[in-house]
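Here are a few friendly notes to read alongside the structure. Take them in order, with the view open beside you.

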Amino acid sequence: MAWYILRRFLQLVPVFLGATLLVYFLVFSLPGDPIVALFGDKPVNEAVAAQLRAQYNLDQPFWIQYLLYLKSIFTFDLGLDFTGREIATVLGEVFPVTARLAVMALIFEAVFGIVFGLIAGLRKGKLFDATVLVASLIVIGIPIFVLGFLLQFFIGVQLGWAKPTVSSAATVQDLILPAMVLGLGSFAYVLRLTRTSVIENMSADYVRTATAKGLSRGRVVRVHILRNSLIPVVTFLGADLGSLMGGAIVTEGIFNVPGVGNRLYRAVTSGEGPTVVSIVTVLVLIYCVSNLLVDLLYAWLDPRIRYDS
Amino acid sequence: MTPENNATVRGTAVRRPIEHFVADFEETPLHATDKVKEDHVPLSLWGEAWRNLRKQPLFLISAFLIFVVIVVCLFPGLFSQIDPTSEACQLANSDGGPAGGHPLGYTQQGCDVFARVIYGTRSSVTVGLFTTIGVVIFGGIMGALAGYYGGWVDAVLARINDIFFALPLILGAIVLMQLPVFRTNRNVWSLVLILIIFGWPQIARITRGAVIEVRNADFVTAARSLGVSRFRSLMRHVLPNSLAPIIVVATISLGTFIVAESTLSFLGIGLPPSVMSWGNDIQSAQASLRSNPMPLIYPAIALSITVLSFIMLGDALRDALDPKARKR
């Protein structure tokens, strides 16, 4: 098991380095000077520009810049953003909010997706199954920002069941509606994945054996069908945590959540390269770590995976 | 256990006459068996899929909707003669309700909502279509090389693929779209390029999987042993036989790319406001959502129906092309 963990870990190192290098390259080295862009239509003040370049190591060759940047990540010394605040402090403010939002969305999509998917799979071809399938298709088809507006308008404003916007504290209560919107798209995928997987496992030999040796229906479903069906679902959920955090930009914009997406969007539109790169790096790191956790969970759920090389 | 046995075991003892399917050869001239007519030739994967699809309501509905969307794209003038550009809009009509000849009312700028929905179709669908074509070509090449050659080619391409997978489509597109290069020339084609850059990994993975499945099939070995070169056997034998899953995923991602375009336009960093698109219309209707939600709801409905029909088409194709799924 230790070897397995080590191997999976080592595979993630190039992904992390490659992704950060790519983003760093895109932000700082493509044609068009980000420092000049900062001045907008005003004439460029060469002294200020030179000072900014030195502060962000932009006067160095590209590889040195990137290495210095890597060093700053591992020493947690991310420097200042263009408004003069510590980038690390800014990240410390926005990441907990988005993490709360993403975890709530994940819980929502996992619980409802698995329950509905299991019931639909067990009753394949019945009315419930057909209804759920059509509904999930519609949810997949409607873009998240449309869903967000509709739910905000009907549930938040007209019915008043949940708060339509989020306060600056972003408490769990505030985040219920945004988390639902964020999780809805993946909810449909979880549902369909669980359903397909349950249907496949229902005709498996070990399920027939379990039924034949006289186990109760409940035990067969819980232990034999559900646990085996969860393997692909867990993979999806783990990989989804990363994309929920990175994909929260739209949802956070609609509900005015003071999280990563909002900050990133602001940084991107105002051309704050260093903040953009820092946020994206942390997002990539989260993606890598959640993938690693999925692999470990996977090996625990299905012991066969651990042993093949 | 045959049904006959079952019946006797249960004691109901219904004895059915045993049916003979083989004629006594003395009574039947031998050539008669040779004259058996097949009612149809054995069908290819695609032939069988087509026979299946024709009967599926999901396919028929989505194909019809996509047909309508394409006609609207090509000839928007057939559906609305009203000029929907902002110069032609009358501010006097601002937020006006439905009136004669203007079935869906007006936007805040006094533009006809119906005409804007009709004329906005083209840019949304163009982005979706060309991104999909680009992604299939680029991702397909990467995936086919990785799957077919294996070894170090596969290892290197898999790592590159992982790197792009770590950056979600929208996130990557937002970062790229703000670069000075793209900020100054923002149009349908730069958007297509950006979506291709971050959209190809999925198709590459699917292609790789499909190619690996076919790579070791007997007909490929046969072709190779007859002296066909590796590249030629990839192009002539492996790829055509691994097309099915690629087409399914491409159809579904066409819908996803249309969503990506409208999401970026909605965020204000996709197509410039001068270009008519559903995303731009939803974005500009957002301000007056509470007083006049209709200019937001109609483009949203058009967008959702279009995306939904591509996803449904992909779903139907998957069912038709996967014999294993069909039996279930």
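At what angle do the axes of helix H3 and H14 of chain B cross?

1. The axes of H3(B) (residues 45-53) and H14(B) cross at roughly 125° and come within 8 Å. Axes here are lines fitted to C-alpha atoms, for helices over the stretch in contact, and angles run from 0 to 180 degrees between N-to-C directions. H3(B) is therefore oblique to H14(B), a word for angles that are not under 35 degrees (roughly parallel), over 145 (roughly antiparallel) or 65 to 115 (roughly perpendicular).

2. On the H3(B) side, the contact is made by B:Leu45, B:Ala49, B:Asn52 and B:Leu53, and H14(B) supplies B:Ala316, B:Ala320 and B:Leu321. Contact means C-beta atoms, placed from the backbone, within 7 Å.

3. A word on the source: this is a predicted model, where local features need pLDDT of at least 70, side-chain atom pairs count only at pLDDT 80 or more, and totals for chains, interfaces and linings use all residues. Residues are numbered from 1 along each chain as its sequence is written, while chains are lettered from A and ligands numbered from 1 in the order in which they are written.

4. Chain B has 15 helices and 0 strands (DSSP runs, H or I of at least four residues for helices and E of at least two for strands, numbered from the N terminus).

5. Among contacts in chain B between residues at least 6 apart in sequence, 70% join residues at least 24 apart.

6. Leaving aside neighbours within four places in sequence, B:Ala173 is in contact with B:Ile194, B:Leu195, B:Phe198, B:Ala260 and B:Leu264.

Key:
Two residues are in contact if their C-beta atoms, placed from the backbone, lie within 7 Å.
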